[in-house]
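Hi,

Here is the model I promised to pass on.

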Amino acid sequence: MKNLLFTLLITLISFSSNSQSMVVWLDYHTPVKGKGSELSDAIKDKTQKYNQGADDFKLYTWQVMAGPNQGSYARAGVGPTWADFDNNSVSPKELDYWMDNVDPLIASSSGREYYVRNDQASYDVASPGENVIGYNIDYVVGPNRDHFWKFRRNIAQALKESGEKLSLNVWSSSAGGPQGHVRVAFSFTSMEHYGNFRQIMNRVSDTYDELFGNNSWDTDIELLRESLVMWGAQTELVRFLPELSSPPISLQ
């Protein structure tokens, strides 16, 4: 495994091969009207106080720039395994600080959703913290999932073979979201890099056809669409906020 972006978690953690895939949770916080800057400062202060040490629970924050949650802050907690969530990672003192200083600035919060990284469908060689822009695509996959996952695994292989510098992490919802929810998260070093996304994917699709046969990209993407409950149900663009986050970590 390489590097957590979740953009979701897309930019923050680099991995070598591990026995268990990365597990994270994600929720969104919408600020009280006119209190966006104050909420940002409060999250920063809390994270700097309680989530910076080697033994502290790791939390990462993004600001949503486009999508249904625009203006909200996406907050991700890292297991990194299911076993790590068995421990009470938040002390009463930390929770009290959040409730006293951060929660009053939040108008609403989403329900928490847990995700597991699909390593075979992901490819990421970025250094921890290198990527700051995330583009997330949320799908709801129907009962016939074979075509969906075939396409996702093939894209990861084509991306690797193409040599393009693009981070791809695919996350399967495990609890808290619609059944069959999958988040495909791309991450970029800058908005300029993101602006080249279409051209990058055109080159990746050429490599895909070279690897899997002429017109295989068009054929497989159509089969993927047919496997979905919703096609392109939701996308979002997010910016990573390092000062509102734990330090990037490396798991060897």
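A word on terms before the details: helices (H or I, at least four residues) and strands (E, at least two) are DSSP runs, numbered from the N terminus. The model is a predicted one, so local features need pLDDT of at least 70 and side-chain atom pairs count only at pLDDT 80 or more, while totals for chains, interfaces and linings use all residues. Residues are numbered from 1 along each chain as its sequence is written, and side-chain values use heavy atoms, with hydrogens and water left out.

Let me begin with confidence. The protein chain has an average pLDDT (the predictor's confidence in each residue, from 0 to 100) of 89, and 90% of the residues score at least 70.

Now the overall picture. Six helices and 12 strands make up the secondary structure list of the protein chain. Its radius of gyration, taken over C-alpha atoms, is judged against a globule rule of 2.2 Å times the number of residues to the power 0.38. The value is 18 Å, close to the 18 Å that the rule gives for 252 residues, so the chain is as compact as a globular protein of that length. The C-alpha trace spans about 60 × 40 × 35 Å along its principal axes. Of the contacts between residues at least 6 apart in sequence, 78% join residues at least 24 apart. Buried residues (under 20% relative accessible area; exposed is over 50%, partly exposed in between, with a 1.4 Å probe and protein chains only) account for 47% of the 252 residues.

On to the salt bridges, each being a side-chain nitrogen of Lys or Arg within 4 Å of a carboxyl oxygen of Asp or Glu. The count comes to 11. Here are some of them:

- Asp27 pairs with Arg112, the closest N and O atoms being 2.9 Å apart. This links distant parts of the chain, with Asp27 in strand β3 (residues 23-31) and Arg112 in the loop between β6 (106-109) and β7 (113-117), 85 residues apart. Asp27 is buried at 5% relative accessibility, whereas Arg112 is partly exposed at 38%.
- Lys46 and Glu94 meet at 2.5 Å, N to O. Lys46 lies in helix α1 (residues 36-50) and Glu94 in helix α2, so the pair ties together parts that are 48 residues apart in sequence. Both Lys46 and Glu94 are buried.
- Arg225 bridges to Glu222, with the closest N and O atoms 3.5 Å apart. Both sit in helix α6 (residues 216-226), and because they are three residues apart there, about one helical turn separates them. Arg225 is partly exposed, with a relative accessible area of 35%, and so is Glu222, with 36%.
- Asp138, Arg183 and Glu236 are linked in a network of salt bridges.

Last, the loop between β5 and α2. Ser89 lies there and is partly exposed, with a relative accessible area of 32%. Leaving aside residues up to four places away in sequence, Ser89 touches Phe57 and Glu94. Val90 lies in this loop as well, between β5 (73-78) and α2 (92-101).

Happy browsing, and do write back with any thoughts!

Definitions and conventions: Contact = heavy atoms within 4.5 Å.
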